[in-house]
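Thank you all for coming. I would like to walk you through one protein this morning, slowly enough that everyone can follow along on the screen.

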Amino acid sequence: MPPLPSAERVRSAVQLYRYLLRCCRRLPEGSVCQHYRHSIRQSFKVHADEDDPERIQQIIKRAIEDADWVMNKYEKQKKRKDEDKKDTGGIQSLRD
């Protein structure tokens, strides 16, 4: 399942760029979000001279898969934290 419902509509590099930045909005604020935004920008700079349409589609597919993995990772962490808070009656556990 893609991180955002509009993943299947991504066809160009600009659409991918905007899509990935929208995914970042769903990540935790602060250094995590900044890290992935920086990574997205750097990847676009690295691949800016790519002109093979087949290769571009491969890059788009891989970027969406990677975004899906990252979003799932942070959703699981968030779910775990919410369950810990629920189990401890709102008091954060010592594991945090």
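Helices (H or I, at least four residues) and strands (E, at least two) are DSSP runs here, and they are numbered from the N terminus. Before going further, please keep in mind that this is a predicted model, in which local features need pLDDT of at least 70 and side-chain atom pairs count only at pLDDT 80 or more, while totals for chains, interfaces and linings use all residues. Residues are numbered from 1 along each chain as its sequence is written, and side-chain values use heavy atoms, with hydrogens and water left out.

Let me begin with the inside. Buried residues make up 27% of the 96 residues in the protein, where buried means under 20% relative accessible area, exposed means over 50%, and partly exposed lies in between, with a 1.4 Å probe and protein chains only. The areas themselves come from the Shrake-Rupley method with that 1.4 Å probe, and for residues only the protein chains shown count as cover.

In soluble globular proteins, nonpolar side chains tend to be buried together. Which residues touch the most other members of the largest nonpolar core? They are Leu16, Tyr19, Leu20, Leu27 and Ile64, out of 19 residues in that core. H1, H2 and H3 each supply at least two residues of this core, and H3 gives the most, with 7 residues.

Next, I would like to look at some pairs of residues. Leucine 21, in helix H1, is buried, with a relative accessible area of 16%, and its C-alpha atom is separated by 8.6 Å from that of tyrosine 36, 15 residues apart along the chain. Valine 14 is also found in helix H1, but valine 14 is exposed because its relative accessible area is 57%. Between the C-alpha atoms of valine 14 and phenylalanine 44 there are 9.5 Å, although the two are 30 residues apart along the chain.

Helix H2 holds valine 32, which counts as partly exposed at 21% relative accessibility. Valine 32 and tyrosine 74 are 42 residues apart in sequence, and their C-alpha atoms are 9.9 Å apart in space. Histidine 35 is in helix H2 too, and at 49% relative accessibility histidine 35 counts as partly exposed. From histidine 35 to cysteine 24, which are 11 residues apart in sequence, the C-alpha to C-alpha distance is 9.6 Å.

Now for the charged side chains. A salt bridge is a side-chain nitrogen of Lys or Arg within 4 Å of a carboxyl oxygen of Asp or Glu, and by this rule the count comes to 3 salt bridges. In one of them, the side chains of arginine 26 and glutamate 75 meet at 3.0 Å, N to O. This pair links distant parts of the chain, since arginine 26 lies in the loop between helix H1 (13–24) and H2 while glutamate 75 lies in helix H3, 49 residues apart. Arginine 26 is partly exposed at 42% relative accessibility, and glutamate 75 is partly exposed at 41%.

How far apart in helix H3 are lysine 61 and glutamate 65? They are 4 residues apart, so about one helical turn separates them, and their side chains meet in a salt bridge of 3.8 Å, N to O. Arginine 62 forms a salt bridge with aspartate 66, with the closest N and O atoms 3.0 Å apart, and these two residues likewise lie in helix H3, 4 residues apart, about one turn of the helix. Lysine 61 is exposed at 54%, and arginine 62 is exposed at 52%.

Finally, the surface. Asp49, Asp51, Asp52 and Glu54 gather there in a patch of negative charge. Patches are made of residues with over 30% relative accessible area and no salt bridge, with like charges joined within 9 Å and nonpolar side chains (Val, Leu, Ile, Met, Phe, Trp, Tyr) within 5 Å. Lys and Arg count as positive and Asp and Glu as negative, whereas His and the chain ends are not counted; the place of a charge is taken as NZ of Lys, CZ of Arg, CG of Asp or CD of Glu. Aspartate 52 lies in the loop between helix H2 (31–46) and helix H3 (53–87), and aspartate 52 counts as partly exposed because its relative accessibility is 37%.

Key:
Core = buried A, V, L, I, M, F, W, Y, C linked by side-chain atoms within 4.5 Å.
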